[in-house]
Every structure is written in structure tokens, then in C-alpha cells.
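I opened the notebook to go through this chain element by element. The entries below follow the order in which I looked things up.

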Amino acid sequence: MGQQDCGHWYKFCTVTASRKVRVAAWLILTGAIPVTALGQPEDPTARGDRPNILLIVADDLGYTDIGAFGGEIDTPNLDRLAAEGLRLSNFHVLPTCAPTRAVLLTGVDNHRAGIGAQAITAEQEGEPGYEGHLNSRVATLPEVLRAVGYRTYHTGKWHLGHEENHGPHARGFDETFTLLAGGASHYADAAPLRPGSAAVYRRNGKLVESLPHDFYSSRHYTDLLLEWMERDKNNERPFFAYLAYTAPHDPLHAPPAYIEKYRGRYDRGWEVLRQERFDRLQESGLIPAHHQLPPWPSVVKRWDSLSGLEQANKARDMEVYAAMVDFMDEQIGRVYRWLEANGELDNTLIVFLSDNGANGFPAHLYPGHDDEYHARFDNSLENRGASGSFIVMGAGWATASTAAYRLLKGFSTEGGIRTPAIVRLPGGSSGGEIHDAFVHVRDLMPTFLELANAQHPAREDAALATLAGNSLMPLFEGRVGSMYENEGIGYELHGTRAYIKAGWKALQMPLPLGSGKWELYNLATDPAETKNLADKEPDKLAELVAEHMAYEKDQGVIYSLPSVLNRFVQAQQLLFVLMWTTLACFVYALVRGYRKSAIASVVVSMSSLLLILYTKSGQLLALMF
Ligand SMILES: [Ca+2]
């Protein structure tokens, strides 16, 4: 997917080199890098008041999983960060991993940065914005920070290009240990997410031949980061650390003692868990009092419909999931304690977020995950969560995790794009404030650059994409109450569209995920997206749709449905033809007195109509879950 640059390696490197030269030249010319009388750049070690930046990203973590966001999972370290910092209750990302990470690390729309889609279609292949890696028209966060003197570290998931010249070491990070793919086994076996692919790890660009026998993802990523920070602790330059955990992405794996800690905790099922988490969200003020718990989605199975064995297995899966989150939190605590012990805590900006909503997709949606492939895993109750098992969260627990919002990872509904986020500003104590202003992952890079006193090179180089968002410092410092008064934000991924502006949201879900028609929601009064106002507010909808189409044109979106969705659209078109043709036959038969033919025609015509209505109802999602 999107690796077409492999065939043009020389061309790509030339482009990359010229971009680096342009960026460096601009930084020197504008004084971001000081130049001596001899014309040589000084070693940019002058720290000034530049803080360290620690950016922690969890993978597929749901909105209510951690304690600070209503969860029962033991996460004391994240809860402490929240208590000493800010919680962003209205923080938005993109529906899936790679697009969010592209925006996070470049500050520009994913269609500009090279990750226009995760599953690139034939129409998109090779087009600008659909490279499948961060392209040469964007400056990355570590590139810009490094140019003003930061040491730059990355451990964990990359998912923004597999090749050495697309990896983190080539895009601004000094020290890297990275999983290039979107996911893999969390143990040393390095089993890939799907058959035929590979779990490729690189250390500073070079392929890692094998993992240590006791490898466990969250611990190993943390060990390395702490090793580098300890080694460089006397270096006066600030650091930017991107700690990108692969937890709790599937396959769910966790050390046995941590799973044991949660034994029996989820036996009452996912509806009960959802209600408990929703109540705590409301008690803590993370959602307003008027926000009602939406009805359980009809496309997701009820707990009581499962057999005893299914319930036992699913309860264990959630125990493993909780154990992964618990373990990750403990690792975050290790980094926190290192900062504290070394006098760096209050000179560090710490940001924690999840890259998308909770994941409800079953394992069989991964390409190649058929029964034969699954037979290779030991998913017995005793082995679930251990090496050699492949289990997932599933739609039931993911719905409980999302609790207050609609649908899950992969969708541009709020359940897919609203995630927990915590910010601990340098100097600490913000007293656990909650900010409910709409903010977006694209705002993080401008925030970091402001704190680092760094200018984005696109200000002088028109060939580079400009930052899309705004620094959040005015919000954090109480100078403004909101960030997006009259500015809209567009979403387009795999045929799903959304446009959010001033509390309104236009949404279009292609068949069979939705009706294919634009919907309209008032997020201020209906954040769960339960009341479609498209018919009541046609002018508002038309305004948002027009702005959305302008957004797509501006960002170079190539709207192209994945083939599986295309087949549903084509099937519906055939049903329309069948319905009208048989209706005509019915009229003809009626006029000619062919009674039996008339009955047969009308039955086929009405059946087609019912099928059309069913496909447009969104109920076919049940097949996916
Ligand atoms: Ca993810």
C-alpha cells in the first residue's frame, strides 16, 4: 500500500535532500539557527526557556478507559498527570491510526501530508497526498524542533512508511526504535497483524533482525527511552520524546500477573460497564448533565445473547485489555519518576492522547484472517492474552469504552474521532481543569512550536504545506474560551465525510455504513449524534456541505470508495433498476389482465424496495461487528 516510491528511490532522495536544504537555509536566514561571523551555524545548544516535550500516544485507547476519563482500570500515573494538568474533553483526532499520526507529526491535513487514506484505492494510487508515507512537501515536528536545538527521540509505532528513507530516523528523529507497521504481536515472536505482511522494526533506520527473548512492547519502548534520556541527561539541549505505545492495539497481549489483577471484573457484561463509565464521566464533569446515555446500538450484540463460553472468553478479553492499559500506565509512571528525579519534570510539557476511538472491528476483517489462519492461534480461555493468541476488544467492549458517543474507530462519528487527552504544562499544577472547547490534533504542533520558540519553515518556503491548526496556549492560559469560533474542520477517509463547525456537524456515511446521504447534528445539544436535523435545518446543512466540498478541493482529496463499499453502492443501483422494471411489469400485467404475473411483479418490486430501505438503514453494520 502506497509504497510506490520504492521504484523511484533516487528521485525521492533528491526531492528529500532539496527540501532539507531549503528548510535549513530558511532556519539560518530567519535566525532560528544562529550564524557566526564566519558564516558557520553555531551548535544550537542555547536552551533559553525552551521546555522538554514528552508526547505520549496510546493506540486505539477508548474515551473512557483511563481513570481520569471515567474508567475503572488502574491508571494512577495518567490520573496524576490529569490532576496536575488539563483534561481536554472535546479533543478530536482522525478515525484511524496513520492519518492521525500524519497530522500529529506535521500539523497539516492528512491528504497533504501523504496519508490521504490507509487503504489506498486504484484511483488514488500514485497521486499527491496518497504516497503512503510523509511526503517531501511537509516539514515534520522533529525536523523543526531539531533545527532549534532539540534532541529528538522516538520509540514505538510509526505507521507512516516502511522504507528506511520514510522512517522516523529519516524524518527528524536522532534516536529511534520503531515498529513500522500498524501493529504486531506485543511479544518477541513479532507475529504480524495479518498473514503475508511482516512486523518490521528498525533501530535508527536499520532493520532489527530479532527482538530480545523477553520483549514486551510497552516495557521495551520505555526502557529504551529511559536509557537514552539517562545517557544524555547532562546535555543542556532540551529533548522532544515521542513515546508511541502500541498498547492497547490488538492482538491483545499482557503479562499474566496483570491479567490476573482484573479477573472477574467484567463478568457483568458490556452494557453494565458502559453505564458505570458514563455515570462517572457525568460525575466528573467531562460530559454535561444534559447528555443522555444513547440507546445501545442495535448493530452490536447484547451481552445476554452470548453463550456461557462466549461470555467467558469475552470477559477474559476485556481483562487482558485492562491489563495492557494498566501496564502502559505503569511505564508512563517510570518516565514521570525519571523526570522528577532528574529535576526535569517542571521543565517539561507532557501530552497524552489516543490516536483514535476504541476499536470494535473483529479480527476477521484483517485481510487474510480466515478460519484456516485463525486455527494457528491458541485462543483457548487459558491462553488468551499470552503469546500465540490473537484476540481483539470487539464491538461490545468498544461500545462500552466509547460510552457516550456514536460508533467506534474507523468512523468519523464522535466515537471514532473524540479521544481522551491530557496536557501537563511546564511548571505543572493546573489543578485538574477540564477544557471542553473543541480542539484538534492539528493544534498540537503549533502549540509545541510556540513553547519551543520555533518558526515553521513554510512561512518562507511556499513549497512546504503550512500549519493547519493553531497554538492552544491562549486556551490553556485562559486568554480565550474557544479555538474554533467560525472555522470549520473537514474529514474524509475511505468514503466517510464529516465537517464540524461552530458546534454543528455534517456527516456522510456511505452504504452500508449509513444511508449515503448527508446528516446534520448539533453537537452542542446532541453530542451523541442521535437526532439527524438534515430535514429541519436544510440551510445549515447546505452551508456545511458547500464548505466541506471546498475543503476537499483545497486539500486535493480524491474521493474514492474502497471496493467493498463500492459493491454495496452498485448492488443498490441494481435494486433500483429491478424495482422500477418490475413495477412497470406490474402495471403492464394489470392492464392486460395477467393476474399471476402482476402479483409476481409487485412482490419482486416491493421486495427490492424493502432491501433498498434496509441497506440505507445502517443495520448492515451488524454484519461487520
Ligand atoms: Ca490506532
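I looked up Pro-248 and found it in the loop between strand 8 and helix 7 (256-261). Helices (H or I, at least four residues) and strands (E, at least two) are DSSP runs, numbered from the N terminus. The peptide bond from Ala-247 to Pro-248 is cis, with omega near -5°.

I am reading a predicted model, in which local features need pLDDT of at least 70 and side-chain atom pairs count only at pLDDT 80 or more, while totals for chains, interfaces and linings use all residues. Residues are numbered from 1 along each chain as its sequence is written.

I traced an open sheet of 10 strands with mixed pairing, in the order 7-6-5-4-8-1-9-10-2-11. Two strands count as paired if DSSP finds at least two bridges between them. At the edges I found strand 7 (206-207) and strand 11 (433-435), each pairing on one side only.

I followed strand 8 (residues 239-244), which pairs with strand 1 (residues 52-58) in the parallel sense over five bridges. Leu-55 has Tyr-242 as its bridge partner, and Ile-56 stands opposite Leu-243. Strand 4 also runs parallel to strand 8, joined to it by six bridges; there Tyr-153 stands opposite Ala-241.

Is strand 8 covered on one face or on both? I found both covered: Phe-239, Ala-241 and Leu-243 are buried on one side, and Phe-240, Tyr-242 and Ala-244 on the other. Buried means that 20 or more other C-beta atoms lie within 10 Å of the residue's own, exposed means 12 or fewer, and partly exposed is in between, with C-beta atoms placed from the backbone. Helix 6 (residues 217-231) packs on the sheet, where it touches strand 4 (151-157), strand 5 (175-179) and strand 8. Its direction makes about 170° with that of strand 4; axes are lines fitted to C-alpha atoms, for helices over the stretch in contact, and angles run from 0 to 180 degrees between N-to-C directions.

I looked up the largest nonpolar core, which has 146 residues, and Leu-243 and Met-324 have the most contacts inside it. Such a core is a set of buried Ala, Val, Leu, Ile, Met, Phe, Trp, Tyr and Cys residues joined through C-beta atoms within 7 Å. Helix 9 (residues 308-341) gives the most to this core, with 13 residues. Beyond neighbours within four places in sequence, the contacts of Leu-243 include Leu-54, Thr-155, Tyr-221 and Leu-225. Contact here means C-beta atoms, placed from the backbone, within 7 Å.

I checked Asp-60, in the loop between strand 1 and helix 2; its phi is near 70°, a positive value in a residue other than glycine. Asp-60 is buried because 29 other C-beta atoms lie within 10 Å. Ala-190, in the loop between strand 5 and strand 6 (201-203), has a positive phi of about 55°. Ala-190 is partly exposed because 18 other C-beta atoms lie within 10 Å.

Notes:
Two residues are in contact if their C-beta atoms, placed from the backbone, lie within 7 Å.
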